[in-house]
Amino acid sequence: QVQLVESGGGLVQAGGSLRLSCVSSGRTFGLYTMGWFRQAPGKERELLAGISRSGGSTFYADSVKGRFTIARDNAKNTLYLQMNSLRPGDTTVYYCAGGRSFYGDYAQPNHYGYWGQGTQVTVSS
């Protein structure tokens, strides 16, 4: 049973930066593609970024491309999201997610089947 726990959220001024972390309890973290989502109450879940099992390939949604960077450290069972140039529109809850199969496209939201509890990011203007 895989458990994912996010941390690193908080309050930041517009233009600032935050780094989110996601720690997995699974013994086979390196076998899963991973991603970051965000979802505000009443809004559709949005896939922000995905990363291959080795970390050698990544995907970014247009809304965050050039501002956010996804990375992973398989030796530490940890996924990261570096968020720069934050805007008030980035305010929402951010979720770590794991892929549900060895195959498939990690750029597609339905690829993911394991979820963390979320961490709140608030960007003030």
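Q: How many of the 6 residues of β8 are buried?

A: Buried means under 20% relative accessible area, exposed over 50% and partly exposed in between, with a 1.4 Å probe and protein chains only. Strands are DSSP runs of E with at least two residues, numbered from the N terminus, while helices are H or I runs of at least four. In β8, 5 of the 6 residues are buried, so the strand is largely enclosed by the rest of the structure. This is a predicted model, in which local features need pLDDT of at least 70 and side-chain atom pairs count only at pLDDT 80 or more, whereas totals for chains, interfaces and linings use all residues. Residues are numbered from 1 along each chain as its sequence is written, and side-chain values use heavy atoms, with hydrogens and water left out.

Q: Which strands form the open sheet with β8, and in what order?

A: Two strands pair if DSSP finds at least two bridges between them. Here 4 strands are arranged as β1-β3-β8-β7, with antiparallel pairing. β1 (4-7) and β7 (68-73) are the edge strands, each pairing on one side only. On average, neighbouring strands of this sheet are turned by 15° against each other, direction ignored; the axes are lines fitted to C-alpha atoms, for helices over the stretch in contact, and angles between N-to-C directions run from 0 to 180 degrees.

Q: How many bridges join β3 to β8?

A: There are 6 bridges, and the two strands run antiparallel. Cys22 has Leu79 in β8 as its bridge partner. On the side of β7, the pairing with β8 is also over 6 bridges, and there Leu79 is the bridge partner of Arg72. The hairpin of β7 and β8 has 4 residues between the strands, and Asn77 in it takes a positive phi near 50°. β1 pairs with β3 over 4 bridges, and Ser7 stands opposite Ser21 in β3.

Q: Which residues form the disulfide?

A: A disulfide is a pair of cysteine sulfur atoms within 2.5 Å. The structure holds 1, between Cys22 and Cys96, with the sulfur atoms 2.0 Å apart. It is left-handed because the torsion about the S-S bond is about -70°. Cys22 lies in β3 (residues 18-24) and Cys96 in β9 (residues 92-99), so the pair ties together parts that are 74 residues apart in sequence. Both cysteines are buried.

Q: Which residues touch the most other members of the largest nonpolar core?

A: In soluble globular proteins, nonpolar side chains tend to be buried together. A nonpolar core is a set of buried Ala, Val, Leu, Ile, Met, Phe, Trp, Tyr and Cys residues joined through side-chain atoms within 4.5 Å. The largest one here has 23 residues, and Trp36, Phe68, Ile70, Leu79, Leu81, Met83 and Tyr94 touch the most other members. β3, β4 (34-39), β5 (46-51), β7, β8 (78-83), β9 and β11 (119-124) each give two or more residues to this core. Apart from it lies another core of 5 residues, among them Leu47, Ala97, Tyr106 and Tyr112.

Q: How many aromatic pairs does a search of the whole structure find?

A: Rings of Phe, Tyr and Trp (its six-membered ring) pair if their centres lie within 6.5 Å; planes under 30 degrees apart count as stacked, over 60 as edge-to-face and the rest as tilted. The search finds 3 pairs. The ring centres of Phe37 and Tyr112 are 5.3 Å apart and the planes are at 85°, so this pair is edge-to-face. Ring pairs link Phe37, Tyr112 and Trp115 into a cluster. Phe37 is buried at 0% relative accessibility, and Tyr112 is buried at 4%.
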